[in-house]
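Come along and check each entry against the picture.

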Protein chains: 2
Amino acid sequence: MRYSPLLAELIQALQCLPGVGAKSAQRMAFHLLERDREGGQRLAGSLAGALARIGHCRLCRNFTEQELCPVCASEQRDEAQLCVVETPADVAAIEQSTHYGGRYFVLMGRLSPLDGIGPGELGLDLLDQRLASGTVQELILATNPTLEGEATSHYIGELAGRYEVRVMRLAQGVPLGGELEYLDSGTLAHAFSQRREL
Amino acid sequence: MRYSPLLAELIQALQCLPGVGAKSAQRMAFHLLERDREGGQRLAGSLAGALARIGHCRLCRNFTEQELCPVCASEQRDEAQLCVVETPADVAAIEQSTHYGGRYFVLMGRLSPLDGIGPGELGLDLLDQRLASGTVQELILATNPTLEGEATSHYIGELAGRYEVRVMRLAQGVPLGGELEYLDSGTLAHAFSQRREL
């Protein structure tokens with residue numbers, strides 16, 4: 001009795017979005033119907049189009065509707081540097097925060113044998129081919145500093161050992177602007193033991 | 001360089017949802033593309049269908065894709081009781097929390113002259129016709145206990161004064177489960193002055 005069928009269906013469908021429960025979904029549905037039908041229509045069209053056409057870049061596995069993503073297609077990016085990340089969000093974060101001018105390789109996950117994610121799922125054969133081609137001189141492992149991210153980095157480091165390539169890992173230590181007092185003890189212990197001369 | 005055009009468009013379009021900024025929109029887009037393409041397609045279809053077909057109930061102005069909403073179409077709901085609320089979300093809340101068996105009238109807003117929302121925008125002519133027809137015996141004013149909601153209730157109360165109908169307002173006082181210590185002073189003062197015999 002609470003909603004008409006189409007409205008109930010829309011509220012249900014909105015809950016496929018991460019972080020959206022029944023209450024937010026209801027609020028979103030009412031907002032779109034009452035105040036932003038145009039935005040809603042644009043969203044419906046854009047979503048259908050994106051899902052139908054966006055796949056993975058042939059070279060780096062990032063999301064794109066073309067054969068190559070903008071970074072791989074650009075001739076201004078240095079082919080000698082290759083940065084390995086877990087997700088497309090990591091590419092966005094690095095592009096936004098750094099002046100990195102090389103290429104990327106997006107694993108679309110991390111090694112996680114319990115979830116059935118092995119080297120094949122991460123496209124490591126593709127990465128191996130890329131390294132074998134000899135264009136890459138510096139391989140930057142920018143997986144997350146989590147257990148699984150570290151294991152993934154380690155695995156890829158071993159793989160890269162067979163080629164002539166410098167393998168780098170992101171620096172670890174205390175984050176900028178943090179306070180030592182509130183830092184987790186693992187990070188603090190690592191930063192302390194890896195202290196550098198000023 | 002950060003996203004392919006279609007992906008950038010999707011992330012932009014998702015920001016029409018209330019409470020969704022650039023970061024959540026990116027997370028939603030990646031989630032749908034990576035892990036829930038089926039849910040995303042269902043959402044796109046459902047959204048397009050809902051926006052194209054959902055309008056307002058001819059009698060109570062609630063959202064529905066039919067001529068009458070489920071409540072107005074039901075013969076089991078008492079026509080003698082009419083509950084006036086501001087939004088469809090209020091109908092959902094009352095249906096969920098109470099055993100109310102009457103009908104509703106949804107204002108789709110509240111009187112707010114500064115925003116150009118007057119009696120016409122709230123469909124008060126429709127409400128007037130309904131009262132004039134003589135079927136309504138009890139009119140329950142369930143607008144929000146805000147300044148604008150109170151003003152709207154007052155206005156509708158005046159309107160209903162011309163007909164033979166009992167006009168009721170939701171009880172006001174201390175909310176269940178609250179602690180007096182943390183109650184706002186307006187609510188506490190009202191509840192104190194309106195105290196009832198046990």
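I began with the order of elements: from the N terminus on, chain A runs α-α-α-β-β-α-β-α-β-α-β-α-β-α. I looked up the tally too, and it gives 8 helices and 6 strands for chain A. A reminder to myself: this is a predicted model.

**Entry: overall form.** I looked up the radius of gyration of chain A and found 22 Å, whereas a compact globule of 198 residues would have one near 16 Å. I also noted the span of the C-alpha trace of chain A along its principal axes, which is about 65 × 45 × 35 Å.

Entry: Then I turned to contacts in chain A with a separation of 6 or more: 50% of them are between residues 24 or more positions apart.

**Entry: charges.** I looked up 18 positive and 25 negative charges in chain A, and their mean positions lie 6 Å apart.

**Entry: two copies.** How is chain A superposed on chain B? I found a rotation of 180° with 0.0 Å of shift along its axis, at an RMSD of 0.0 Å. The two copies are therefore related as by a two-fold rotation axis. I also noted that the same surface serves both copies, since 98% of the contact residues of chain A recur in chain B. Which residue of chain A comes closest to the rotation axis? I found A44(A), whose C-alpha is at 2.2 Å.

**Entry: helix α5 of chain A.** I picked out this helix, residues 88-97, and listed its buried residues: P88(A), D90(A), V91(A), A92(A), I94(A) and E95(A). Next I wanted to know what covers the buried residues of α5(A). From chain A, the cover includes β2 (63-64), β3 (78-85) and β4 (102-106). Chain B takes part as well, with α2 (22-35) included in the cover.

**Entry: D128(B).** I moved to chain B and found D128(B) in helix α6, residues 124-132. Is D128(B) buried or exposed? Its relative accessibility is 19%, and the cut-off for buried is under 20%, so D128(B) counts as buried. Leaving aside neighbours within four places in sequence, I found D128(B) in contact with L159(B), R162(B) and Y163(B).

Methods
Residues numbered from 1 in each chain as written. Chains lettered and ligands numbered in written order. Predicted model: local features only at pLDDT ≥ 70, side-chain atom pairs only at ≥ 80, totals over all residues. Heavy atoms only, no water. Helix = DSSP H or I, 4+ residues; strand = E, 2+ residues; numbered from the N terminus. Buried < 20%, exposed > 50% of the residue type's maximum accessible area, 1.4 Å probe, protein only. Contact = heavy atoms within 4.5 Å. Rg over C-alpha atoms; globule rule 2.2 N^0.38 Å. Lys, Arg positive; Asp, Glu negative; His and termini not counted. Charge placed at Lys NZ, Arg CZ, Asp CG, Glu CD. Least-squares fit on C-alpha atoms with pLDDT ≥ 70 in both.
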